[in-house]
Structures are given as structure tokens and as C-alpha cells.
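Colleague: Could you walk me through this model before I set anything up with it? I'd like to go from one part to the next and ask as we go.

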Amino acid sequence: EILRVTGVQTCALPISAGALQSLAVDEDNQKKIKSLGAIPLITKLLSSRTPEVQSNAAGALHNLAVNDEEAQEAVATAGAIPPLISLMQNASPDLQAKAAATIWSIAGREENRKRIMDAGGIAPLIRMVQSNHLDCQSKASGAIRCLTMSSFTRPEFEKSGAIPHLVVLLSSGNQEVTINAAGALENLGCR
């Protein structure tokens, strides 16, 4: 029912997208949402003009993709990477963090790391780790940690000046940020 509403009535989009985000926390609901082919529809909501809809859509995609490689691939092939990168560049800090969290959740797949890099996702993540917004630092550093697992992304992060910014995060005082930064630096040290 929610999927039909999101396709027709724009006034119901924030509520529908929020419901999908909430439903996508539960594993059984995740299976149902994916089996209904909802990922492309949710991806379209990332381009809404309403930040609440964008946030809920990013949250739903994140919830669907976490620890599910099939869903990670589906999110990427549905075209979510470019609008997520756009949100990391142009949205409020809270929405930037949510977009980075979704990038992080799909970066578990090697192919998606290449897609994220090719779509220009490295520079916005580096800008986000320089933010004073803790959630931006946390989600962006997590995404960077995951992206630097691939040898082909490492030179891009090095050329983009990520290393000094990651070193600064080591003394952030936030455990998750520190762990992510340390993991990314360790990955960048691998050859």
C-alpha cells in the first residue's frame, strides 16, 4: 500500500518514505520491500525537492543495504550513487550524514567502490570529514574506511589530500570516528 501511495500522491511522500525507512529496519520487511522491487522507486525519492523525503529515502536504502550484498548491488544499479553524492555536497549536515551512511552501506561491494569513485564520491567525503558536524565525520570516515579497502581507490584518496584530515580525526575524541580514521589510514598504508 505504501509503495502505491509513493508513486501517486506527492503530499504523502514524506509519510510514505518515512514509513519505508522504519519498515526497512526489520529483516522480514526488508525481504518484502526488496521482493516488491521497491529499491528503484525509493532511489527516485532521493531526487525529491523535499529534504524530509530525501532523508527518509536515504535512510530506507541504508537500512536495506546494510549487510546485504544483493541489496547493495540493487541500490547501486538503481542509480542511487549520483543523487547520494549530490546530497553529500548540497544538503544540510544531517542529510549529508545520512547520504554518507548510505554510501558506506553500499561500499561493501568492490564494484560499488569503483562506481562511487567514478561518480566523484571521494571529494565530498573528504570535505565531510573536515566538518564540525560529528555525524558527518562519523559517516564519511566510515565510508572512506570501506572505500580504501580497494587498492584502486587509494591513489585517489592520497591525491585528494585525505591523509592529513584522517590523521586529525585520530584525536577527535569520538570512538567511532577514531576507529574509522585509523582503519582508513591502515588501508591507505597497504600496497
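Modeller: Let me start with helix 13, which spans residues 162-169 and in which A162, L166 and L169 are buried. Please keep in mind throughout that this is a predicted model.

Colleague: Stepping back, what does the secondary structure come to, and how many residues count as buried as a percentage?

Modeller: The protein has 14 helices and zero strands, and 51% of its 191 residues count as buried. Among the contacts with a separation of 6 or more, 66% are between residues 24 or more positions apart. The accessible surface comes to about 8,900 Å², with 52% of it belonging to carbon and sulfur atoms.

Colleague: Which residues have the most contacts inside the largest nonpolar core?

Modeller: That core has 54 residues, and the ones with the most contacts inside it are I42, L46, M88, I103, L125, F157 and L166. Helix 5 (residues 51-65) gives the most to this core, contributing seven residues. In general, nonpolar side chains tend to be buried together in soluble globular proteins.

Colleague: Take I103 from that list, then; what does it touch?

Modeller: Leaving aside residues up to four places away in sequence, I103 touches L84, I85, M88, I116 and A143.

Colleague: You mentioned helix 5; is A58 there buried or exposed?

Modeller: A58, which is found in helix 5, counts as buried because its relative accessibility is 0%, where buried means under 20%. With residues up to four places away in sequence not counted, A58 touches L46, L84, K98 and T102. The C-alpha atoms of A58 and A80 are separated by 8.9 Å, and the two residues are 22 apart along the chain.

Colleague: How do the axes of helix 5 and helix 6 cross?

Modeller: The axes of helix 5 and helix 6 (residues 69-77) come within 8 Å and cross at roughly 145°. L61, L64 and A65 of helix 5 make the contact with A71, Q72 and V75 of helix 6. By type, the residues of this contact divide into five nonpolar, one polar and no charged.

Colleague: What about the loop between helix 5 and helix 6, where N67 has its place?

Modeller: N67 lies in that loop and is exposed, with a relative accessible area of 76%. Its phi is near 60°, a positive value in a residue other than glycine.

Colleague: Changing topic, where is G183, and is it buried or exposed?

Modeller: G183 lies in helix 14 and counts as buried, at 7% relative accessibility. G183 and I144 are 39 residues apart along the chain, and their C-alpha atoms are separated by 9.0 Å.

Methods. Residues numbered from 1 in each chain as written. Predicted model: local features only at pLDDT ≥ 70, side-chain atom pairs only at ≥ 80, totals over all residues. Heavy atoms only, no water. Helix = DSSP H or I, 4+ residues; strand = E, 2+ residues; numbered from the N terminus. Buried < 20%, exposed > 50% of the residue type's maximum accessible area, 1.4 Å probe, protein only. Contact = heavy atoms within 4.5 Å. Areas by Shrake-Rupley, 256 points an atom, 1.4 Å probe, with all protein chains shown as cover. Core = buried A, V, L, I, M, F, W, Y, C linked by side-chain atoms within 4.5 Å. Axes fitted to C-alpha atoms, helices over the stretch in contact; angles between N-to-C directions. Nonpolar A, V, L, I, M, F, W, Y, C, P; charged D, E, K, R; others polar.
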